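Open the model in your viewer and keep the selection panel at hand.

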Amino acid sequence: MLDRINNLLAEISAASLKSHEELESFRLKFLSKKGLISDLFEEFRNVSAADKKEIGQKLNLLKQSASEKYNLLKAGLQIISKTSYSMDLTRPSFPWNLGSRHPISIIRNEIIEIFERIGFTVSEGPEIENDDHVFTKLNFAPEHPARDMQDTFYISRISPEDSNPGDILLRTHTSSVQVRVMQSQKPPIRTISPGRVFRNEAISARAHCIFHQVEGLYIDENVSFADLKQTLLFFAREMYGKKTEIRLRPSYFPFTEPSAEMDVNCTICGGKGCNVCKYTGWLEVLGCGMVHPAVLESCNIDSKKYTGFAFGMGIERPAMLKYQVNDLRLYFENDIRFLEQFKTAF
Ligand code: PHE
């Protein structure tokens, strides 16, 4: 009998299993009323008084190991059944890598923060727009080239030949947000609209069909070109450094009159001339001007009482200059090796 008990002890300690069925057979074999251990206890009644002590102890040990092993196997099965559903072996293990902000977001936040300090609010609008908000209300003539398929991504056009205020398209600038603000708010208005814009351009190191802008709008009584110039000078010095100089060159936009292009002196060569500024000493950073009275009127703002200025800039260019990124496409590829280089910036 002792030999049989020892064999069972060895079998129990070696037991391993993979399923609940196997666990149940283990229980039936060793622990049930009709199991082997019960049988042995039955047999134990007939053991001689001399062997009772030794065999009795062994038998109790056998029973205890069988029930301990049963609990252990059961717990093991529970872990397996839980983890086989929730364990993701491809997940990175501790310590976890912290993410980093995208360089475009860093520069966008920097621009927003500068204008917030002088009282501008942030407005957002839809990326899928209609012609009315992107072009018509902004005084674009019906045959203006920007409305051409070559510049604008159309989602649906009412007539393929003529542009229509109801045409649905991807916004080509965030000036559309300013139209929405003018339609829904009363002056004084002081707001900037950051966002993604789309133009049908061939993708290269210097151009992309998706890019980001921050545009600004200020409307009140007696807003003058001098206010525009001073606001932009403040912005340029906060953004590019205290010693930055600006230069305004006459330009043209359908929605501003007069219009200008603003340059800052090249921070790379200090104005001496380099290949970034194409040896001019100046970098073009934004377009601006006094809001055209026709635009105010189209948004139901009295152009006799109110005047305003507007400006708009891309974010990719200043980000390229600041981080010396020489290929625009890197911003959109989300290559982790590129993005991880911005860990220390916020
Ligand atoms: N909307 C113009 C652009 O996308 C920028 C701009 C905004 C110019 C406001 C003048 C005034 O290029």
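Start inside. Select the largest nonpolar core, which has 43 residues. Within this core, Leu 286 and Phe 311 touch the most other members. A nonpolar core here is a set of buried Ala, Val, Leu, Ile, Met, Phe, Trp, Tyr and Cys residues joined through side-chain atoms within 4.5 Å. Buried means under 20% relative accessible area, exposed over 50%, and partly exposed in between (1.4 Å probe, protein chains only).

Now colour the elements that each supply at least two residues of this core: helices H5 (103-117), H8 (225-240), H10 (316-323) and H12 (336-339), with strands S6 (210-220), S8 (256-265), S9 (282-291) and S10 (307-314). H5 gives the largest share, seven residues. Helices (H or I, at least four residues) and strands (E, at least two) are DSSP runs, numbered from the N terminus.

A note on the model before going on. It is predicted: local features need pLDDT of at least 70, side-chain atom pairs count only at pLDDT 80 or more, and totals for chains, interfaces and linings use all residues. Residues are numbered from 1 along each chain as its sequence is written, and side-chain values use heavy atoms, with hydrogens and water left out.

Centre on Phe 311. Leaving aside neighbours within four places in sequence, Phe 311 is in contact (heavy atoms within 4.5 Å) with residues including Phe 115, Ile 192, Val 214, Leu 232 and Leu 286.

**The ligand**

Which residues are closest to the ligand? Select His 173, Ser 175, Arg 199, Gln 213 and Glu 215. In total, 13 residues surround the ligand, each with a heavy atom within 4 Å of it. His 173 has a polar side-chain atom 3.0 Å from a ligand nitrogen. For Arg 199, a polar side-chain atom lies 2.9 Å from an oxygen atom of the ligand. Gln 213 also places a polar side-chain atom 2.9 Å from an oxygen atom of the ligand. Taken alone, the ligand exposes 320 Å², and the protein buries 89% of that. Accessible areas come from the Shrake-Rupley method with a 1.4 Å probe; for residues, only the protein chains shown count as cover.

**Helix H7**

Select residues 175-184, helix H7. Seven of the 10 residues are buried, so H7 is largely enclosed by the rest of the structure. Ser 175, Val 177, Gln 178 and Met 182 are among those buried. Their cover includes strands S2 (128-130) and S5 (189-198), helices H6 (131-134) and H9 (293-298), S6 and S10.

**Backbone stops**

Most residues other than glycine have a negative phi, and most peptide bonds are trans.

- Pro 188 sits in the loop between H7 and S5.
- Glu 257 to Pro 258: a cis bond, omega about -5°. Pro 258 is in strand S8.
- Asn 222: phi is positive, near 60°. Asn 222 lies in the loop between S6 and H8 and counts as exposed at 70% relative accessibility.
- Lys 278: phi is positive, about 55°. Lys 278 lies in the loop between S8 and S9 and counts as exposed at 62% relative accessibility.

**Zoom out**

Show the whole chain. Its secondary structure comes to 12 helices and 10 strands. The C-alpha atoms fill a box of roughly 120 × 50 × 40 Å, taken along the principal axes. Of the 346 residues, 40% count as buried.

Note on methods:
A polar contact is a pair of N or O atoms within 3.5 Å; within protein, one must be able to donate a hydrogen and the other to accept it, and residues adjacent in sequence count only if both atoms are side-chain atoms.
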